[in-house]
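Subject: Handover of a structure, with notes

Dear colleague,

I am passing on the structure below, followed by notes on what was found in it. Please read the notes with the structure open beside them.

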Amino acid sequence: MPEAADAVKPEGEAEEKTAEDDEVLPEGEEEAHQSQEITGLFLQHPETTVAVTGTDIVFTAKVDSTTLSRKPTIKWLKGKWLDLGSKAGKHMQFKETFDRATKIYTWDMKIIKVVPGDAGAYRCEVTSKDKCDSSAFDISVEAVNVEEEHDIMAAFKRTDAGEDEGSLDFSALLKATKKKKKPVVDEEKADVWEILKNAQPSEYEKIAFEYGITDLRGLLKRLKKMKTVEPKHSDAFLKRMESAYSVDKGKKIVLEVEVVDPNAQVKWLKNGQEIKSSAKYIIESVGNIRTLTINRCSLADDAAYECVIGEEKSFTEVFVKEPPVTITKLLDDYHVVVGERVEFEVEVSVEGAHVNWMFEDQELSRDSHKYRFKKDGMKHMLIIQEASLDDIGMYWCFTNGGRTKGELDVEEKELEVLQNIADLTVKAEDQAMFKCEVSDEKVTGKWLKDGVEVLPSSRIKLTHIGRIHRLTIDEVKPEDAGDYTFIPDGYALSLSAKLNFLEIKIDYVPRQDPPKIHLDTTGNMVSKNTIIVVAGNKLRLDVEISGEPPPTVVWAKGDTAITALEGRVRTENRKDLSCFVIEGAEREDEGNYSITVTNPAGEDKANLFVKIVDVPDCPENVKCTSVGEDCATMVWEPPKFDGGVPVTGYLMERKKKGSTRWTKLNFDVFEGVTYEAKRMIEGVLYEMRVYAVNGIGMSQPSLNSKPFMPIAATSEPLGLKVHDVTDTTCTLKWLAPEKIGAGGLDGYVIEYCKEGELPKIRLPRYLRQKYLRRVGDKINLTIPFQGKPRPKVQWYKDGEELDVRVASIRNSEVDSILFIRSAERSHSGKYELVLQIENMEARAILEIRIVETPGPPEVVKVTDVWGFNAALEWKPPKDDGNCEITGYTIQKADKKTNEWFTIYDHNRRTNCTASDLIMGNEYMFRVFSENLVGKSEDFCLSKDTAIIPKIGLEYNPPPFKEKDMQSAPKFIQPLLDRSVVAGYSTAISCAVRGFPKPKIRWLRNKIPLDENPRFLMQNNQGVLTLNIRKPSQYDGGKFTCKAINPLGEDVVECTLLVRGMDGGKGGGGRVGVEYRDGEMD
């Protein structure tokens, strides 16, 4: 842990051992550990050892892998977390062997020339897939029992550096030690310059550090100028200034001289410049005394000062000491892996202070490209962008008032084996290929055969593509058999496998077998002779062939033979095997294929059909057929080619014209080819495009539709009237429409008809789509129509005649008005207006939907909790508010604070995952539903909670002893004597405490006031008040308040004097009644 190196521990406190490596086993566990039975994965455990300094020790662990499905891996650890694999070198070596006969793995850890730093608790962990076992052991180190000559330098040699053991290590001197505090002696503040004058030059640096002087070079220059001169007799000065003064930064200093002539005028100089009186420099003259006061000294006041009278001068120097810069926030230790960023941060007491950084015993230069130094106010940071193994060690930060340290430990990245090498058994002239896959594609390595490195040749090829390493041996020979090992560079890891050579001796008997095709009908064949391939993928069809002598193979597509041995479409022939390969299948590759094998004994043939499936083409002819105030209806044609798989639906997107940001309109696949897009802005140009989706994937987007604009129709013109009529003309006048809309007004269409005109309803455009209104809104719809003679108007709702109690209807010659004062959800439905003139009629249907906020969701439950996440599910609300649910709002709260925070807004699905939960907290969740109107008023609370457990931490609270709060009553504020005027209400009060709550009784002249209505008694949290309503001169006396509980009682008293109304005026007497003890009313 980081610590300030200057810290001094209290006297008598024992020094604590902080090394994590020296863990002590509980009593009785050490013996049980040494004699434990072989259980779990270990056949042999490492044993606890006592070693002598300078000797070598070896620890061995064995594991039986017969029951394991994967090769076991092992870790050697020291203490709780230090992985010794990164410490491999001259001091510590690791070895792994495998016995193929017994399937036993053996691991050895060898420590060469044991040093005292190797002592401590160790642990050996072995893992294999889902199995794990651990074995602990200890190392104790004893000194060599030989008397050696005492060598003081040996105390500074490294004891835990391994191969760097010989170099000196002075880091022990940096550790804080516990010293007894010396008794503090009250001494007068010493004069630094007097001490420097009497000190030896070798002690100057020590004295400067002790008194906080940082400019050592300036100190030596000024000290050299100061000469010991016998004071000369002066005609102007009776008393001169001292040769030098020292003052702390921010303090005040007074320079004083005594002159001979009290009327003499003096001048004060600073570095030869005259000083003028100001708020900082105060010049005073009192009698023969002349003083210069410098307030709030800074480093700029560190100078030479003179007091001048005529030709005579009194000279002195002022030295300003900077206060030491202390460290307020210490460095932290870091444990990272190679390549990670490290940022050491320290905070000091003075903003802008200078600090020095050191790594081990080397000061870090600010010109280095490896380190970055950053300063932010009182914070100072040392940044290492990419940590390496060379950066392991102790980092120090120094100021002139303290220091702190932090340790950096860097581990190598673990290399994970994704595919191990498998043993091979091959025949002569066959090909052998060893293949392995590791997690890092940049890792290189080498191949070994029986411990000798394998070099590439014309027959042996070594390849490294991405994370895969291959060793390929063509035309295997008997001498190729052996153990092959792949060793990644830079990692203590090896992968081994064995190559077995199978030698087959055949007695040749000439014979002839007819050829036979062994076609595998499993795998990607959907039927006996059909193969489905996704476009862009590779098709490799391996067909086994038999026959003697070896038959000739011919592949053909239709009637065209395929003879290419290289290229995208090719054939590969081996003994007893023929391969047909298509790299990156295309639609043109679909068709009927055949394979024909022939030899002198006969012929065989098989037919195949290769079907290429792909994503569909994009939809066509996307266009807008109609628009509304905030909606538009889009239609399109299905794609010409469905990719060989039926189209399951479509996804739509829209954007504003000129914008590049597309917005999804649906998240679930839409199956139709007509879609109504909603929630658009009137008067804005939009474009739309459509994707087609099938079982393979999603098509390219269609061409953008022509721009369209959601727009509402203008309202009808107002005040139409006939202005003038002639024999052949008629002049009309009207007012502009009340509502024009975003599309503007292009003009008017004027129609006329002869008497007896057919009925026609001119339904406004905004009523041609669904008309939405909230519950409680007023609905007033005016629908114009025409027809002569005046048509008969009839309204229907959902096929039945409209009840006048549901809505009010007012008809005129040119329009019909539907009015609902306060809309309710029962008013939703399809309304039909019917105009009838004799046997002619016109109909118009409008749909009205009354909506409101939805109800809460149902059955919110926590389905899963893992890590710092929780999965939630719920059901849609029963009441959707008469419109589509547009989303859900999810909130969380921990049971400690019960404060709710929103984690998702407008979540469309009925499930979500809550992330970034805090370990150790228990969370509740609630969900609101939303529709076009807004969020539901109520919420649904989850029935169960999500508990994020603390991993590896267990808190055992100390036993709680409940404090006894019972106490006898005691008045903490007494009653005070009062004098009041008769006829004016007054109150007296006091305060009492006690538990259980005491019972209060008020008395006047020892008579209880319980039933007296003129006295009102109140008790507010122990504050007792007695209100007296309009007291008379006879209501005075001695008032007593008594508090009683089972533990005791307490009493407090006061005297109330009631004066007459004229008691304060001249000539009037003071009237009152005062009751003494024993007197009654």
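This is a predicted model: local features need pLDDT of at least 70, side-chain atom pairs count only at pLDDT 80 or more; totals for chains, interfaces and linings use all residues.

Residues are numbered from 1 along each chain as its sequence is written, and side-chain values use heavy atoms, with hydrogens and water left out.

The chain as a whole

The secondary structure comes to 4 helices and 81 strands, where helices (H or I, at least four residues) and strands (E, at least two) are DSSP runs numbered from the N terminus. Of the 1081 residues in the chain, 34% are buried, buried meaning under 20% relative accessible area with a 1.4 Å probe and protein chains only. Among the contacts with a separation of 6 or more, 61% are between residues 24 or more positions apart, a contact being heavy atoms within 4.5 Å. The accessible surface of the chain is about 67300 Å², and carbon and sulfur atoms account for 49% of it; the areas come from the Shrake-Rupley method with a 1.4 Å probe, and for residues only the protein chains shown count as cover.

The sheet that holds His518

Four strands form an open sheet in the order S38-S41-S45-S44, with antiparallel pairing, and two strands are taken to pair if DSSP finds at least two bridges between them. Strand S38 (513–518) and strand S44 (569–574) stand at the edges with a single partner strand each, so one side of each is left without a neighbour in the sheet. The twist averages 20° from one strand to the next, with axes fitted as lines to C-alpha atoms and angles running from 0 to 180 degrees between N-to-C directions. S38 is joined to strand S41 (residues 539–548) by 4 bridges.

Strand S37 and its partners

Strand S37 (residues 495–502) runs parallel to strand S30 (residues 424–427), to which 4 bridges join it, and Leu424 has Leu499 as its bridge partner there. S37 also runs antiparallel to strand S36 (residues 482–488), with 5 bridges between them, and Asp483 stands opposite Lys498. S36 and S37 form a hairpin with 6 residues between them, and Gly490 in its turn has a positive phi of about 85°.

A mixed sheet, and Ser128

Five strands form another open sheet, S3-S10-S9-S5-S6, whose pairing is mixed. Its edge strands are S3 (49–52) and S6 (82–83), each of which pairs on one side only. Strand S5 (residues 73–78) pairs with S6 in the antiparallel sense over 2 bridges, and Leu77 has Asp83 as its bridge partner.

Ser128 lies in strand S9 (residues 120–128) and, at 3% relative accessibility, counts as buried. The side chain of Ser128 reaches the backbone oxygen of Arg70 at 2.8 Å. Beyond its neighbours within four places in sequence, Ser128 is in contact with Leu68, Arg70, Lys71 and Pro72.

Val257

Val257, in strand S13 (residues 253–259), is buried with a relative accessible area of 1%. Its C-alpha is 5.8 Å from that of Met241, which is 16 residues away in sequence. Not counting residues up to four places away in sequence, Val257 touches several residues, including Met241, Trp268, Asn288 and Cys307.

With kind regards

Note on methods
Buried means under 20% relative accessible area, exposed over 50%, partly exposed in between (1.4 Å probe, protein chains only). A polar contact is a pair of N or O atoms within 3.5 Å; within protein, one must be able to donate a hydrogen and the other to accept it, and residues adjacent in sequence count only if both atoms are side-chain atoms.
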